[in-house]
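Subject: Structure handover and notes

Hello,

Here is the structure you were waiting for, with my notes below it. Please read them with the model open.

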Amino acid sequence: MGMAVQDEERSSLVEVVEALHISRKGIHLQMLNFTRSRPQRPNRPNSLGGMDFVDPVKKSGVVRKIIFATGLIALCIVIIKTSPTFSSPSPFSLHETGITHVLVTGGAGYIGSHASLRLLKDSYRVTIVDNLSRGNLGAVKVLQDMFPEPGRLQFIYADLGDPKAVNKIFSENAFDAVMHFAAVAYVGESTLDPLKYYHNITSNTMVVLEAMAAHNVNTLIYSSTCATYGEPDKMPITEETPQNPINPYGKAKKMAEDIILDFHKTSDMAVMVLRYFNVIGSDPDGRLGEAPRPELREHGRISAACFDAARGITKGLKVRGTDYKTADGTCIRDYIDVTDLVDAHVKALQKAQPGEVGIYNVGTGRGRSVREFVEACKRATGVSIDVEYLPRRPGDYAEVYSDPSKILRELNWSAKYTDLEKSLQVAWKWQKLHHNGYGPTKTSF
C-alpha cells in the first residue's frame with residue numbers, strides 16, 4: 001500500500017515537470033493530467049452507519065499531487081523572477097548615461113552601412129531600420145559579426161512608408177538621434193518614376209519626423225544632396241547658392257529639406273542637413289563596399305559601372321553626354337570618399353545643438369570630369385575598359401562641385417581621402433573579393 005502511494009507521488013511529480021515550459025519571458029503551463037493511464041484499483045467503499053466514504057489513502061494521494069504541483073510551480077516562478085534575465089528590458093529600450101543611441105535609417109545600404117560601422121567603432125548604440133529594397137542584409141551581417149555584444153547593434157526590417165510600423169519602432173526603442181539615409185537615389189530612375197521618389201523621399205521623411213516629435217527624439221542628421229541646387233550659374237557651390245533642382249530626385253530632397261526646416265520652427269530639435277556630392281570608395285579595412293542591385297546598374301553610380309565593366313559583368317562602360325560646356329565635353333563632379341562622408345556625419349552629430357539648424361556641403365572642393373574618372377578607374381583596376389559614349393541622360397547637369405569652407409569653419413571637417421585613384425583602388429580590392437556583392441566570396445574572376 002505504501003509503495004503504491006509513493007509511485008503515485010513520483011508519477012505526479014513527473015507529470016508536473018513535463019507540464020512546465022520555462023523560457024526567459026515567463027512560464028507557460030499545460031493542464032496537468034491527473035488521470036494518466038495506470039492500473040485502476042476498484043473502489044472499495046466502506047459502510048459505516050449506511051454511509052459510503054472515499055478511501056483516505058486515494059484522497060491523500062490526490063492532495064499530494066496538488067501540493068507537489070503548486071509547490072513546484074511556485075519554486076519555478078521564484079527562480080525565474082530572481083534570474084537577472086527575467087523581464088529585463090532590452091538595452092535598446094532604455095536611455096543610458098554616456099551612451100548615445102542612434103537610429104540609422106537605410107543602414108543596410110552603401111552609405112548607411114559605412115556610417116553604422118563608424119558609429120559602432122566610436123561606441124555608439126545603433127539600430128538599423130531598412131526594408132532591404134536597396135540595401136544588403138549581408139552588410140548588416142558583417143556589422144553584427146563585428147559587434148556581437150548585447151546592446152550594441154540591432155536590425156529591424158521595416159518600411160518607413162508604414163506609419164504604424166515606424167511608430168511602433170519608436171515606442172519600443174529609446175533613440176537619442178536619427179541619421180536619416182533611407183532613400184532611393186538615382187537621378188535617371190527619378191525621371192522615369194517620379195512618384196516613387198516623392199513617396200520614398202518626401203513622404204517617408206514626414207513619417208520619420210512625426211515619429212520623432214511624438215516620442216521626443218530631438219536630434220536629426222539628414223542625408224541630402226547637391227542635386228537640390230540643380231545647375232547653378234556659378235561655381236563652386238556654397239550653402240547660399242539658390243536651390244533650383246532639375247530632376248525629381250533633387251526636387252524630392254529639397255521638399256524634404258523644406259518640411260524639416262518648417263517643422264523646426266515649431267520645435268527645439270537639433271537639425272543638421274548634409275548636402276553631399278558624388279560618393280565613391282569603401283571601408284579601408286575591406287569589410288564593407290558598394291553592392292548595387294543588378295537590375296539598377298544602368299542608373300547607378302559611375303564607380304559601380306566602372307567596376308562592373310572591369311569585372312566583365314557588363315560589356316564595357318557607357319558614358320552619357322560628351323557635349324557639355326566643359327574642358328573635355330563630359331560632366332564634372334565632386335567625388336567624395338565614403339569614409340570622409342561618414343566622418344562628416346559623426347562630426348555633425350557631435351556638434352548638433354537643440355533649437356539650431358546647420359546646413360553643410362560635403363565635398364572636396366574640386367571637380368573632376370567623367371573622362372578623368374574613367375581613366376583613374378582604368379589605372380586603379382589595371383583593366384583596359386572599353387568605353388561607349390552616348391547622348392546625355394535626362395536630368396543631368398554639366399558641372400557641380402562644392403565650396404566646403406563652411407563645414408571646415410564650423411565643424412572642423414575637411415576631406416582627407418582626396419586622391420581619386422587611391423579611393424578607387426581601395427574600393428576595387430573589396431570588389432575583387434566580393435564578385436557577388438555580399439554573397440559567396442571569390443578571390444579571382
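Is alanine 211 buried or exposed? Alanine 211 is buried, at a relative accessible area of 4%, where the cut-off for buried is under 20%. Please keep in mind that this is a predicted model, and that the values in this email were computed from it.

Alanine 211 and its surroundings

Alanine 211 is part of helix α7. If neighbours within four places in sequence are set aside, alanine 211 is in contact with Val166 and Phe170.

Phenylalanine 170 also belongs to an aromatic pair. The model has five aromatic pairs. In one of them, phenylalanine 170 and phenylalanine 175 have ring centres 5.2 Å apart and planes at 75 degrees, so this pair is edge-to-face; the cut-off for that class is over 60 degrees. Phenylalanine 170 and phenylalanine 175 are both buried.

The chain as a whole

The chain holds 13 helices and 15 strands. Of its 445 residues, 47% are buried. Among contacts with a separation of 6 or more, 78% are between residues 24 or more positions apart. Two further residues illustrate contacts of that kind.

Leucine 390 sits in strand β15, which covers residues 387-390. Its relative accessibility is 19%, and leucine 390 therefore counts as buried, the limit being under 20%. The C-alpha atom of leucine 390 is 6.0 Å from that of glycine 321, and the two residues are 69 apart along the chain. Leaving out residues up to four places away in sequence, leucine 390 touches Lys318, Val319, Arg320, Gly321 and Thr322.

Tryptophan 430 is in helix α13, residues 420-433. It is buried, with a relative accessible area of 2%. Serine 282 is 148 residues away along the chain, yet the C-alpha atoms of serine 282 and tryptophan 430 are separated by 7.7 Å. With residues up to four places away in sequence not counted, the residues that tryptophan 430 touches include Ser282, Gly286, Arg287, Leu288 and Gly289. Glu290, Ala291, Gly437 and Tyr438 are also among them.

Helices α3 and α4

How do the axes of α3 and α4 cross, and at roughly what angle? Helix α3 (residues 110-121) and helix α4 (residues 137-146) have axes that come within 10 Å and cross at roughly 10 degrees. Angles under 35 degrees count as roughly parallel, and α3 and α4 are therefore roughly parallel to each other. On the α3 side the contact is made by Ser113, Ser116, Leu117 and Leu120, and on the α4 side by Ala139, Leu143 and Met146. Five of the residues in this contact are nonpolar, two are polar and none is charged.

Charges over rings

Two side chains lie over aromatic faces. Arginine 125 is over the face of phenylalanine 92, 5.9 Å from the ring centre. Lysine 406 is over the face of tyrosine 360, with 5.1 Å to the ring centre.

Backbone points to look at

Which peptide bond is cis, with omega near -5 degrees? It is the bond from methionine 235 to proline 236. Proline 236 lies in the loop that runs between β7 (219-225) and α8 (248-264).

Serine 123 has phi near 70 degrees, which is a positive value in a residue other than glycine. Serine 123 is in the loop between α3 and β4 (125-130). Its relative accessibility is 51%, so serine 123 counts as exposed, for which the cut-off is over 50%.

Asparagine 216 also has a positive phi, of about 60 degrees, although it is not a glycine. The loop between α7 (194-214) and β7 contains asparagine 216. Asparagine 216 is exposed, with a relative accessible area of 57%.

Regards

Note on methods: Residues numbered from 1 in each chain as written. Predicted model: local features only at pLDDT ≥ 70, side-chain atom pairs only at ≥ 80, totals over all residues. Heavy atoms only, no water. Phe/Tyr/Trp six-rings, centres within 6.5 Å; stacked < 30°, edge-to-face > 60°. Buried < 20%, exposed > 50% of the residue type's maximum accessible area, 1.4 Å probe, protein only. Lys NZ or Arg CZ within 6 Å of the ring centre and 35° of its normal. Axes fitted to C-alpha atoms, helices over the stretch in contact; angles between N-to-C directions. Helix = DSSP H or I, 4+ residues; strand = E, 2+ residues; numbered from the N terminus. Parallel < 35°, antiparallel > 145°, perpendicular 65-115°, else oblique. Contact = heavy atoms within 4.5 Å. Nonpolar A, V, L, I, M, F, W, Y, C, P; charged D, E, K, R; others polar.
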